[in-house]
Amino acid sequence: MSELASESSNTAPAQRRPSASEGVRCELASEPVAEREDVLATATAAAPPPRRDPDRTEPLLVVDDLRIRFVGRGRTVHAVNGLSYSLAPGRTLAIIGESGSGKSVAARALMGLLPPTARVSGSARFDGTEMVGLSEREARRHRGADIAMVFQDPARSLNPTMRIGAQIAEAVRAHSDLPKAAAHRRAVELLSLVHLPAPQRRFHEYPHQLSGGMRQRVMIAIALAGEPRLLVADEATTALDVTTQAQIMELLLELQQRLGTAIVLISHDLGLAASYADDVVVMYAGRVVERARTADLFAHVRMPYTGALLGAIPRLEREPHSLLPVVPGQPPDLSALPRGCPFRPRCSSATDRCAEDPPLQEHEPGHWWACWHPLPDARPDAPAKEGV
Amino acid sequence: MTTLEKGAARPDGGRRRGEELLVARDLVQEFPVRAAGGVRGGTVHALSGVSFDIRAGETLGVVGETGSGKSTLARSVIQAPPPRSGSVVFEGTDLTRLRRRALVRARRQMQMVYQDPFGSLNPRWRVGELVEEPLRGYGERNRGPRVRELLDMVGLDPSVHAGRRPHELSGGQCQRVAIARAIALNPALVICDEAVSSLDVLIQSQVLNLFERLRRELGLSYLFISHDLALVKQVSDRVAVMHLGQLAEVGPAEALYRGPRHPYTAALLDSIPGLDARTGRPRRPAPPAGEPPSPLDPPSGCRFRTRCPRARERCAVEEPVLVERAPEHRVACHFPIDPVPTVPTDAPAPVERTTP
């Protein structure tokens, strides 16, 4: 069992991470690790521009009212309809949603990886630079160097005909002017950074000689080659076994601790978000329906959709053969979204009022939701709330 | 228990709950691997002596990591391909001895539902034809009403969906069509190989409830295979944990999850992220160190020993066999985890306990 894993399991999320182990030389650190305690969870789009305050870290990424449409074949697919969030250095934000909720599309927009049929509006500022509307050439400068991405299927992301060492060295040289021999050494360093056993030997192996978990470690090594400040993990552990998933997540958090990288964790798995993220954004039909610090969100879910998601997950605590609470219907067609709240046709507490768009508002400090009829607050000392 | 009329009209109506439906003994399946240039490269030990039973009306869940042999186990049961050695006795008949014709007849009683609903349905056929196919294959008469009844049972509207093709359906609806095909012939056993793994959570819960309803109404037995431990617990009476082609632990679902005896089961359970049910706080997974060993060259003795925190010399020498440690709860481990006593006592340790 790894030293990281032996940590007590029930410490609060804010304190649960181990401090960077002493004596570990931080090969990649280009900036000091952020002061965690004072990092703002989510700065709001409407909030005044962040001041230069030594105790507070400015957000690294501010996404504001991002909208993405795909136009073609006589119809318009509204994939993302107003996504806003912000992320500070060294923090982890989970974006949770089902297939078609727009979570991956939104992340690809940051990287400039959308097809030409995509129409993007709104703003996504990375360290002050507007990422929306960048030309391919400009986008290339940021891709990999500032923002790196790890995808779901490592087998398809790696070139099967190239040795893994060469693929990492290629990424290293793309972001620096290191000579070949130095890039080689750097690749081996990166392989040991992601804890691939026997990195010298593995350097010369092909992707098919590695297991799924090892391949994903190689993908992470490639992603780190450009020393990015933001790492987007798009369902990066979904194809892996639970045991391997936990190992890869431990690795990501350890690297975050050492390098101060911000992480956007895109997943359908609420459990993963609960265990590893600082903040959670829940998306449905291209919109944010709820957003909060992880502990706040899971302590009192307010948006009925998030509640439905939590209820539908098979849990170890349930009795065998018990029936799961079921939400009828299917997610809406993104080319013909219903008026008002997109969850309205499936929601048990929907009323006529839901035909009007519920705004995403900060109803409690740090806790945002878009719903006219939120679920009752589960806390015992909860204040009285609007009609349910 | 509500039973539909068809349940009573079964050809073998005399099957009673709790009787042995399937008895598999010492299943061994191996596949040769070719190295570069077509040279014989080795043997994948996919199943190495797996024995289990399924009783009528019971659901046996099978969990394990990728490559642990879960799917090979399912395929060995339906003899596609037959196992290298061992026996599969289904309703009193050893399937491994059956010839082609007799095997086809026997398979009527066991059906499979696969992971990818789009991949398992012919994209050019309409839903009505897809559901009718098994009925036609076994020469059933009066198929039209039965197709409509089946679609209705799985929650599809016959007037709307029967004329559609798979690409016009969502993943969840396709999986319902696959389930309608599987139950069309009133099978005794349905084998679900990752049947809900590719579905979104909300759709997954709908399909899981459908499986549960069909189990109650038709008295089906399931062999339910998944990598998701919580999912398997949701549907299973008993759970078998597979590791590298062997059973590590078999036991009643509740007991096995509450007090895993095999270190591998404990490691799997400790790897699940999520919230602690009691405190509502996030649970930080504690995965086992290291990589799963290769099925080409499994370790000597206990195959989990390379990742096991409790491993000793004995584990490398002697292969552990399944031993009943509690009623119905069998564990293949030399140094199993002691169950957490519900009431703390200073009573002496049980006799079978081997102090590491």
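This is a predicted model: local features need pLDDT of at least 70, side-chain atom pairs count only at pLDDT 80 or more; totals for chains, interfaces and linings use all residues.
Local features are reported at pLDDT of at least 70, and side-chain atom pairs count only at pLDDT 80 or more, whereas totals for chains, interfaces and linings use all residues. Residues are numbered from 1 along each chain as its sequence is written, and chains are lettered from A and ligands numbered from 1 in the order in which they are written.

Chain A contains eleven helices and twelve strands, where helices (H or I, at least four residues) and strands (E, at least two) are DSSP runs numbered from the N terminus. Of its 388 residues, 46% are buried, that is, 20 or more other C-beta atoms, placed from the backbone, lie within 10 Å of their own. Contacts (C-beta atoms within 7 Å) between residues at least 6 apart in the sequence of chain A join residues at least 24 apart in 66% of cases.

In chain B, four strands make up an open antiparallel sheet in the order β2-β1-β4-β5, in which β2 (40-55) and β5 are the edge strands, each pairing on one side only; pairing requires at least two bridges found by DSSP. Strand β1(B) is joined to β2(B) by twelve antiparallel bridges, with B:Arg34 opposite B:Arg40 of β2(B). Strand β1 of chain B (residues 20-34) also pairs with β4 of chain B (residues 85-90) over five antiparallel bridges, and B:Val23 has B:Val89 as its bridge partner in β4(B). B:Val89 is in turn bridged to B:Asp94 in β5(B), and the hairpin of β4(B) and β5(B) has two residues between its strands, with B:Glu91 in the turn showing a positive phi of about 50°.

Notes: A residue is buried if 20 or more other C-beta atoms lie within 10 Å of its own, exposed if 12 or fewer, and partly exposed in between; C-beta atoms are placed from the backbone. Two residues are in contact if their C-beta atoms, placed from the backbone, lie within 7 Å.
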